[in-house]
Amino acid sequence: MIPIYDTAPRARRPAVVYAIIGLNFLIFLWMIALPEPGLYWVLTHFALIPLRYSDPQLAMAAGLDPYDYWPLLTNTFLHGGWLHIILNMWSLWIFGPAIEARCGRPGFILLYLAGAVAASAAHLLANWNSPVPALGASGAIAAIIAAYAVTYPRAKVILLVPVLFLPLFVPVSALFFAAFWFAIQILQGTQDLFASSMGAGVAWWAHIGGFVLGFIFAKAAHALGLGRDIETRQWTGSVPRIPRR
C-alpha cells in the first residue's frame with residue numbers, strides 16, 4: 001500500500017518540508033559520490049552504531065567517541081540507496097505539509113527533530129550490542145504520521161494498492177492508516193527482538209519510537225492549544241473535503 005495523496009489542509013508553501021527533502025537529497029548525492037574510504041568514514045562517524053555506546057572501550061579503540069551523541073540525530077539525514085530515500089521523502093511529502101500548516105514551521109521542525117532523536121533512542125535500546133550502522137529518516141517521518149493521525153483522524157489517505165497488474169486507489173481514514181501501519185511495526189519489531197535474522201535490516205523500533213513521540217507531541221499540543229495555521233490549500237478531488245478542525 002503506497003500513500004499517494006491526502007485530504008487534510010496542506011500548507012500552500014510547505015517551506016520546511018521542501019527544505020528537509022532538499023537537504024536529504026543533497027547529502028545523499030554527496031554520499032554516493034564519495035570514494036569507499038570516505039563513505040566508510042561518514043557512516044562510522046554519523047550513522048547510529050549502538051555498539052559505540054554499549055562498549056565504550058571498543059569504540060575508543062576504533063577512534064570513536066562514545067560520548068558523542070550527535071549520531072542520534074545525524075543518522076536521520078543519511079540514506080542507504082535510491083529506493084530508501086525516495087520512499088522516505090515521498091512519505092514526508094504526503095504527510096508533512098498538513099502538519100507544517102497545523103503546527104507552524106518552528107513547531108514542525110521541533111517535531112521532526114524530536115521524532116528523529118526518539119526513534120534513534122528506541123533503536124539504540126532495542127539493538128544495544130549491534131555493530132550495524134542504522135540510518136534513515138523513517139523514524140522522524142513516523143512521528144509526522146502519528147501527529148497527522150491525531151490531528152486529522154478523519155482525513156482520507158489515498159492508497160495505491162497494486163492488484164495483479166492493475167492499480168487500485170483506496171481511500172482510508174488517516175487514523176486507520178496510522179493504526180494499521182503502527183501495528184505492523186509492533187509485530188515486526190517484536191519478531192525482530194526474538195529473531196533478528198528475520199528483521200530484513202529494517203529499524204522497526206526506530207519507527208515505533210518516532211511514532212510514540214509524534215503521538216505524545218500532537219496530544220500535548222492539542223491539550224495546550226498550541227499550533228498556528230498558515231496559508232493552506234485543500235483537496236479538490238472526488239473525496240469530500242475535510243473541514244478544518
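Start by selecting α9: this helix has 21 residues and covers 30 Å from its first C-alpha to its last, close to the 30 Å expected at 1.5 Å a residue (the expected span being 1.5 Å times one less than the number of residues). Helices here are DSSP runs of H or I with at least four residues, strands are runs of E with at least two, and both are numbered from the N terminus.

A word on what you have open: this is a predicted model, where local features need pLDDT of at least 70 and side-chain atom pairs count only at pLDDT 80 or more, while totals for chains, interfaces and linings use all residues. Residues are numbered from 1 along each chain as its sequence is written, and side-chain values use heavy atoms, leaving out hydrogens and water.

Stay on α9 and colour its buried residues: W204, A206, H207, I208, G209, G210, F211, G214, A218 and A221. Buried means under 20% relative accessible area, exposed means over 50%, and partly exposed is in between (1.4 Å probe, protein chains only). Show α6, α7 and α8 too, as they are among what covers those residues; contact here means heavy atoms within 4.5 Å. Just past the end of α9, click on G225, which has a positive phi of about 70°.

Next, zoom in on F211 and F182. Their rings are stacked, 4.3 Å centre to centre with 15° between the planes. F182 is in helix α8 and F211 in helix α9, so this pair ties together parts 29 residues apart in sequence. For rings of Phe, Tyr and Trp (its six-membered ring), a pair needs centres within 6.5 Å; planes under 30 degrees apart are stacked, over 60 edge-to-face, and the rest tilted. That rule gives 12 aromatic pairs. Another one to pick is F77 with Y112: the centres are 6.5 Å apart and the planes at 50°, so this pair is tilted. F77 sits in the loop between α5 and α6, and Y112 in helix α6, 35 residues apart. Then select F95, Y148, Y152 and F177, a cluster linked by ring pairs.

Now for the largest nonpolar core, which has 43 residues; L92, F95, I99, F108, Y112 and Y148 touch the most other members. A nonpolar core is a set of buried Ala, Val, Leu, Ile, Met, Phe, Trp, Tyr and Cys residues joined through side-chain atoms within 4.5 Å. The biggest contributor is α6, with 12 residues. Show what surrounds F108: leaving aside residues up to four places away in sequence, F108 touches V16, V17, I20, L92, G96, I99, E100, C103 and I144.

E100 pairs with R105 in a salt bridge, closest N and O atoms 3.1 Å apart; E100 is buried at 0% relative accessibility, whereas R105 is partly exposed at 31%. A salt bridge puts a side-chain nitrogen of Lys or Arg within 4 Å of a carboxyl oxygen of Asp or Glu, and the count is 3. Jump to R10 and D6 for another, at 2.4 Å from N to O. Both ends are buried: R10 at 2% and D6 at 0%.

Last stop, β3 and β4. They run antiparallel, joined by 8 bridges (strands pair if DSSP finds at least two bridges between them). L159 stands opposite V170 in β4. The two strands form a hairpin with 2 residues between them, and L164 in the turn has a positive phi of about 55°.
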